[in-house]
Amino acid sequence: MAQKEGASEQGRVRTGESLGAKAVTGASAAGGGVVVEVREKKGPLRAAIPTMPFPLAVVCLFLNTFIPGLGTFISAFTVLCGARSELVSERGVCCVFWLNVAAALIQILTAVIMVGWIMSIFWGMDMVILAISDGCRDQGIPQDV
């Protein structure tokens, strides 16, 4: 029975909807499915991380590594200075600023139990990743990630 079901599904195209993928004809993937692009759905705090210049992102990562929440708190002020974020167009600059301040406070308050410290380091790494991807986009380098 299982072999018959598997044989009958070989001709079908699986879109991977359960994974949040978009399917387009022409790019086949292993297993008979077609997957073109997968986008990560971010929560409001994660989407509020500003895209900063690379040196400033590295400084914020350094600060977040040794003083949890400090780099995130500084990055909140970059939003007021014009740094882009995924949420600025939807919620406005002030809301994104306060979301970053809230993330910094969460990191500071939970650093005692190590959760905030780990969150702070990951936050700083995300800042650097956003800065690198923005730099690649500005230079016209295609992004494979």
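A surface patch here is a group of residues with over 30% relative accessible area and no salt bridge, and nonpolar side chains are joined into one when they lie within 5 Å. Keep that in mind for the first close-up, and remember that this is a predicted model.

**Close-up 1. A nonpolar patch sits on the surface.** Six names to look for here: Met114, Trp117, Ile118, Phe122, Met125 and Ile129.

Close-up 2. You'll find Trp117 in helix H7, which covers residues 115–139. Phe122 lies in helix H7 too. Why does Trp117 count as partly exposed? Its relative accessibility is 32%, and partly exposed covers values between the buried limit of 20% and the exposed limit of 50%. Phe122 is also partly exposed, with a relative accessible area of 43%.

**Close-up 3. Helix H3 has a buried side and a side turned away from it.** H3 runs over residues 54–66, 13 residues in total. From first C-alpha to last it reaches 19 Å, close to the 18 Å expected at 1.5 Å a residue. Which residues of H3 are buried? They are Ala57, Cys60, Leu63 and Asn64. Looking down the axis of H3, the buried residues fall within an arc of 125°, so they line one face of the helix. On the face turned away from that buried side, you'll spot the exposed residues Pro55, Phe62 and Phe66.

Technical notes:
Residues are numbered from 1 along each chain as its sequence is written. This is a predicted model: local features need pLDDT of at least 70, side-chain atom pairs count only at pLDDT 80 or more; totals for chains, interfaces and linings use all residues. Side-chain values use heavy atoms; hydrogens and water are left out. Patches are made of residues with over 30% relative accessible area and no salt bridge: like charges are joined within 9 Å, nonpolar side chains (Val, Leu, Ile, Met, Phe, Trp, Tyr) within 5 Å. Accessible areas come from the Shrake-Rupley method with a 1.4 Å probe; for residues, only the protein chains shown count as cover. A salt bridge is a side-chain nitrogen of Lys or Arg within 4 Å of a carboxyl oxygen of Asp or Glu. Helices (H or I, at least four residues) and strands (E, at least two) are DSSP runs, numbered from the N terminus. Buried means under 20% relative accessible area, exposed over 50%, partly exposed in between (1.4 Å probe, protein chains only). The expected span of a helix is 1.5 Å times one less than its number of residues. The arc is that of the directions from the helix axis to the C-beta atoms.
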